[in-house]
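Here is a short briefing to read alongside the model. Please keep the viewer open as you go through the points.

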Amino acid sequence: MTAAAPSTGSPPLRTVLFGYGLGGRVFHAPLLEADPRYSLAVIVTSDPARARAAAAAYPAAAVVPSAEAALALAGNLDLAVVSTPPATHAPLGIAALEAGLHAVVDKPFAHSPQAAQELMDAAAAAGKVLSVFQNRRWDGDFLTLKGLLERGELGTVSRFESRMESFKPAVTKAWKREAGTADGGGILFDLGPHLIDQALQLFGPAEPAYAEVRSRREAGGPDDDVFVVLQHASGVLSHLYMNSLAPQAGERFRVTGSKAAWTKRGADPQEAQLDAGLLPGDSGYGVEEPASWGMLGTDASGTAVPTEAGRYQDFYAGLAAAVLNGAALPVHPADSLRGMEIIRQVHAGI
């Protein structure tokens, strides 16, 4: 059974979900459906197969083929969630805000810092809440690392290594094959927002100091192998790796401190669990197997550290509190704007 969220006494936030690809189907729709503070009212997809799947999974939602059809229903809606290709994030987000809806935009926040700023300006003009779905702030391994740092168990950190690597020689989505840098295409726009946001959250403001941006697929296309070094004002160096052509993935995290290091392999389990139908509140949701726990210590003496349970649901809990009660945003768009600026600096050659 899925545990119900505490009642707010307010009617659920009537939500339109733009997009029913991986992001909409695996992340947003299940998390919205699992939280009684939301009502998934409308799903937008122009793909007939996805439309059939959405209607079967969420029979109470209206499935419409276009943004125009969805926005025509804005008078009966409260919130828009944008989970579409990056070049459409700003236009759809602005249209939703101007229609009187609060908005959540998937990462990357937009396809350029200018577009991201336009989104923020539109939210301010409309007097509506705008947030960015930086769900990796609630990965179990990231939460575990935050705890280690807060308790001082690593000492003074000098280097932070963070990787998202996979082996996907074929690109199955047409927009990912065709979208260039100007449209938010490539792995730096895809995974960079996660890795950069996590680094900034952990170690504070930073500037890009070095980068390698490559396209290694034989057919060419956008970048698929990227390495970025951030120099934090705190003194920490962040080494961030993104690669979709890695037959063997490196450590997800390796953090070097003056007292100890922490090394972690494997991916947070929540994406796979949501894809398999497991929801927040279900037994085992967000829980990682002990075999994947990270090691804390030195080569001579190390201890496995249990990974905290992941909590993607906390994003939408925080968003409801912001919309209904005026609480702080779960993710402030200014944080993601800074990430976009770093990505543009890297693409411009720093």
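Predicted model: local features only at pLDDT ≥ 70, side-chain atom pairs only at ≥ 80, totals over all residues.

Residues are numbered from 1 along each chain as its sequence is written, and side-chain values use heavy atoms, with hydrogens and water left out.

**The annotated domain and its open sheet**

- An unreviewed UniProt entry gives residues 14-132 the annotation "domain: Gfo/Idh/MocA-like oxidoreductase N-terminal"; positions are in the numbering used here, feature names are shortened, and such annotations may be inferred rather than shown by experiment.
- Across residues 14-132 the chain is 44% helix and 23% strand, with 18 Å between the end C-alpha atoms. Helices (H or I, at least four residues) and strands (E, at least two) are DSSP runs, numbered from the N terminus.
- Six strands make up an open, parallel sheet, ordered β3-β2-β1-β4-β5-β6. Two strands pair if DSSP finds at least two bridges between them.
- At the edges sit β3 (62-64) and β6 (130-133), each pairing on one side only.
- Neighbouring strands in this sheet are turned by 25 degrees against each other on average, direction ignored; the axes are lines fitted to C-alpha atoms, and angles run from 0 to 180 degrees between N-to-C directions.
- Strand β5 (residues 102-106) is joined to β6 by four bridges in the parallel sense, and A103 has L130 of β6 as its bridge partner.

- S162 belongs to β7 (residues 157-165). Is S162 buried or exposed? S162 counts as buried because its relative accessibility is 0%, where buried means under 20% relative accessible area, exposed over 50% and partly exposed in between (1.4 Å probe, protein chains only).
- The side chains of S162 and R252 are joined by a polar contact of 2.8 Å. A polar contact is a pair of N or O atoms within 3.5 Å; within protein, one must be able to donate a hydrogen and the other to accept it, and residues adjacent in sequence count only if both atoms are side-chain atoms.
- Residues up to four places away in sequence aside, S162 touches several others, including L195, H239, Y241 and F253; contact means heavy atoms within 4.5 Å.

**R217 in its loop**

- R217 is found in the loop between β8 (206-214) and β9 (225-232); its relative accessible area is 19%, so R217 is buried.
- The R217 side chain reaches the backbone oxygen of K168 at 2.7 Å and makes a polar contact of 3.1 Å with the side chain of S244.

**Nonpolar cores**

- The largest nonpolar core has 79 residues, and F109, F160, M242, W262, Y316 and L319 have the most contacts inside it. Such a core is a set of buried Ala, Val, Leu, Ile, Met, Phe, Trp, Tyr and Cys residues joined through side-chain atoms within 4.5 Å.
- Helix α8 (residues 187-203) supplies the largest share of this core, 10 residues.
- A second, separate core of 14 residues includes V44, V64, V82 and L92.
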